Amino acid sequence: MIEINKDQLQESLSQYFNHEIYVHFEMTNGAYAAYRHGKAASGYVRNAKAKMMEGKVTGESPFRVGLKTSDGWLYADGLTHIDQTFNEAILLYGFDDDGKMQIALQISTTPFE
Amino acid sequence: MTEHVMLIFPHPDDETFSAAGTVQHYKQTKDAYVSAVSLTLGEMGRNFGMPPIANRETLPHIRKKELEDALTIMGVDRFIHLGYRDKTLEFERTSTLATHLLEVIEEHRPTTVITFYPGLSIHPDHDATGEAVVEAIKMMDCSKRPTLLTKAITADAEQHIGEPDVVYDISPYLEMKKEAIRAHRSQALEVDAITKQKLKEGATDPEAWIRYETFWTFKQSEEV
C-alpha cells in the first residue's frame, strides 16, 4: 500500500470509464466507537454494481474521488492510500490518526470475494 | 474422560485475548485437548497494521494465518472455521447459528466451552456468538451439556452479573500469551487501544487485562 499519486490514480480510474464495475464502499469509526468514544457510525456496501461514466480525483492528500455512474454518483473524501497489488482492482483507503482505516472505496470489474 | 476445552469466538484474536493462559492452564494441569472455533475471519477489521500490511481483500487471508500461528503458540490442538462474515452475526437468525454450533459441539463433544457473555461483550458479533452458544447448549440433553464459561468485557459487567467466579492469574504463561498476541500482527494497534481503554476505566496495572483471565460460569437458568 502506498500514498496516492493523483495523476496515476486519475489515469487508473479513466480505464474504467464506460465499464460495468463492482463497488465496495465503506465508512466506519469502529465497532467499539459507541463504547470507547461516543457513538458508532459505520456502514458498507459490498459488490454494488454500477456503470461508471467518468470521474475525477480532486484535492491534495487527503483526496476526494467522485465517479459519475449511469444512474447516479459515487463520492468519497479522506482517501490517502492505494493498493494496486490486488488483482486489477483499485483499492483506495483513508486512515485516522491512530492508523485505523476509516474509509474505503474499492472498484473492480469482477465481484469482490 | 479426557477434558476437552472448546473456544468459540467470532474473530481471530478474541480467543487469544480471552483465554490463551486458560488454555495452557487446562493443558498443564488437566492434560486437556483444546479446540478453537472461529465464526469469522475478522474480514471487516479496521486495523490493517501500521504501516498497513493488509487491505480489505487480503485481510481475511492474513488474519487466518495469524490465527493459525497464535493457536500453535497457545497449544491448541484443532482449529475449526465456520465461514461466517465479520459484522453479520447479529443479523443471522439466532436459531441458524445455534443449530450450526450445536452440530459442532455434538460432533466434537467438548467438556468445557468458553465464549462471550451475551449482552455484556460490547461488539455485536461477540454478543451474537455468546447468545447462539447459550441457545445451542440449551438444546442439549442436560446430562450431556458441557460446562459453559463466559467472558464479559463491559466495564460495568459486575454490576449486572456480580464478580466472575472463575479467575485465572496466568502469570506463568504470560510470555506465551504475549507471543500469541503478537502473532496477530495486523491487529497490533488493538493491544494499545484496549490498554488505553482499561486505564481510562480505572485500571492501575496496564497488564491486568492480559494477566487475569476471568469468566462467569453460565447457568442455563440465567435470562439473557
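The model is predicted, so local features are reported at pLDDT of at least 70 and side-chain atom pairs at pLDDT 80 or more, while totals for chains, interfaces and linings use all residues. Residues are numbered from 1 along each chain as its sequence is written, chains are lettered from A in the order in which they are written, and side-chain values use heavy atoms, without hydrogens and water.

Colleague: What radius of gyration does chain B have, and what would a compact globule of 224 residues have?

Modeller: The radius is taken over C-alpha atoms, and the globule rule is 2.2 Å times the number of residues to the power 0.38. For 224 residues that rule gives a value near 17 Å, with which the radius of chain B agrees. The C-alpha trace of chain B spans about 50 × 40 × 35 Å along its principal axes. The globule would thus have a radius near 17 Å, and chain B has 16 Å.

Colleague: What share of the residues of chain B count as buried?

Modeller: A residue is buried under 20% relative accessible area, exposed over 50% and partly exposed in between, with a 1.4 Å probe and protein chains only. Applied to the 224 residues of chain B, this puts the buried share at 57%.

Colleague: Why is helix H6 of chain B described as largely enclosed by the rest of the structure?

Modeller: Helices are DSSP runs of H or I with at least four residues, strands are runs of E with at least two, and both are numbered from the N terminus. The buried residues of H6(B) include Leu174(B), Met176(B), Ala180(B) and Ile181(B), and their cover, counted by contact (heavy atoms within 4.5 Å), includes helices H1 (14-30) and H2 (59-74) and strand S7 (212-217) of chain B. H6 (residues 174-183) is largely enclosed because the buried residues number seven of the ten.

Colleague: How much area is buried between chain A and chain B?

Modeller: Buried area is the accessible area, with a 1.4 Å probe, that two parts lose on being put together, summed over both. The contact takes 26 residues from chain A and 29 residues from chain B; in chain A, Tyr35(A), Arg36(A) and Lys100(A) lose the most area to chain B, together 28% of what that side buries. Carbon and sulfur atoms give 53% of the buried area, which is about 2400 Å².

Colleague: Which residues of chain B does Tyr44(A) touch?

Modeller: Tyr44(A) is found in strand S3 of chain A and is partly exposed, with a relative accessible area of 29%. Leaving out residues up to four places away in sequence, Tyr44(A) touches His24(A), Phe25(A) and Glu26(A), and in chain B it touches Met44(B), Arg85(B), Asp86(B) and Thr88(B).

Colleague: Where is the proline of the cis peptide bond that Ser61(A) and Pro62(A) form?

Modeller: The bond joining Ser61(A) and Pro62(A) is cis, with omega about 5°. The C-alpha atoms of Tyr44(A) and Pro62(A), 18 residues apart along the chain, are separated by 20 Å. Pro62(A) is found in the loop between strand S3 (42-58) and strand S4 (63-69) of chain A.

Colleague: Is Asp31(B) buried or exposed?

Modeller: Asp31(B) is found in the loop between H1 and S2 of chain B, and phi of this residue is near 50°, a positive value in a residue other than glycine. With 63% relative accessibility, Asp31(B) counts as exposed.
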